[in-house]
Amino acid sequence: EAGGRHSVFYDSREQHIVDLAWDAEGNLLAGSSPGGLLTKLGRSGKPFVVLDSKLEEIRAVNTDRYGNIYAVGISSSPAITKASAEVKAKATAPESMSKKAEETIRIEGIKKGSQLELYRVDREGLVEKLYSQDKQTVFDLLVRQNGEVLMGTGHQGRLLSLTPARLKKVLGQTADEQITRILAARNRIILATSNLGKLYRLDRDPGSSGSFESEALDAGVTSIWGRIRWQVTNSTGEGIRLSTRSGNTERPDDTWSDWA
């Protein structure tokens, strides 16, 4: 409080409260792990679970001007779902110093879950999954006035955009590994990164040039690829240059061919 007094507002059974935001009615929204819960807290601190995600963690929470709630669920490993995380938490909680320091539990029927899912919860409580990806992690999200959702990723430090029409775009890529925070300030976007820790400012005007490197596509067998075509709208006359390379490992390394 203003005078310095403090009290416990809400004591969760979750191990971590990861992110906080306000909804349109002034309730506090809390994303947590390892249960992957999005909880709404009224002024009295009474909790209500808005979203019970199948993933391990509700990493980021944001709202739009219409009162819709957006939340990102992630798992630290593609094989970790909420069910396995809960069993792991119960198995490793020490009850006394005399018991075994380690216990192994076999978990049956746990399917591989998505590593990333973006949810929208409307004013009526209806949950809709807008986007999912198996090999991606998002650390923060921001909903713009036009309904566009910006997501800062932990994969190649990319800023992703998801439009209201569900069109995914890569707005930019940093030389750092993670975009951990996104803020809007005077029609500009401020990004904070980790590894290395830097601040970036994105203006509204598009850049004069850009590049994009796609994910490696594993065909599973020895393959011959067909033609690659593209179409340019509003051309400035500068043109596009396309380069490819290939190899026989999951991740590109020095055993791959040169760019051609």
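This is a predicted model: local features need pLDDT of at least 70, side-chain atom pairs count only at pLDDT 80 or more; totals for chains, interfaces and linings use all residues.
Figure 1. Residues are numbered from 1 along each chain as its sequence is written, and side-chain values use heavy atoms, leaving out hydrogens and water. The protein has one helix and 15 strands; these are DSSP runs numbered from the N terminus (helices H or I, at least four residues; strands E, at least two). Of its 260 residues, 33% are buried (under 20% relative accessible area; exposed is over 50%, partly exposed in between; 1.4 Å probe, protein chains only).

**Figure 2. Here is the largest nonpolar core, with 15 residues.** Such a core is a set of buried Ala, Val, Leu, Ile, Met, Phe, Trp, Tyr and Cys residues joined through side-chain atoms within 4.5 Å. Val72, Leu118, Tyr131, Leu141, Val149, Met151 and Leu162 touch the most other members. Strands that give two or more residues to this core include E6 (69-74), E7 (116-121) and E8 (127-133). Apart from it lies another core of twelve residues, among them Leu29, Leu38, Ile69 and Ala71.

**Figure 3. Take a closer look at Tyr131, in strand E8.** Tyr131 counts as buried because its relative accessible area is 11%. Its side chain makes polar contacts with the side chains of Gln136 (3.0 Å) and Lys168 (3.4 Å). A polar contact is a pair of N or O atoms within 3.5 Å; within protein, one must be able to donate a hydrogen and the other to accept it, and residues adjacent in sequence count only if both atoms are side-chain atoms.

Figure 4. With 14% relative accessibility, Gln178 is buried. Its side chain and that of Asn195 are joined by a polar contact of 3.0 Å. Beyond neighbours within four places in sequence, Gln178 is in contact (heavy atoms within 4.5 Å) with residues including Phe139, Thr153 and Ala192.

**Figure 5. Our last stop is Ile228, in the segment after strand E15 (199-202).** Ile228 is exposed, at 53% relative accessible area.
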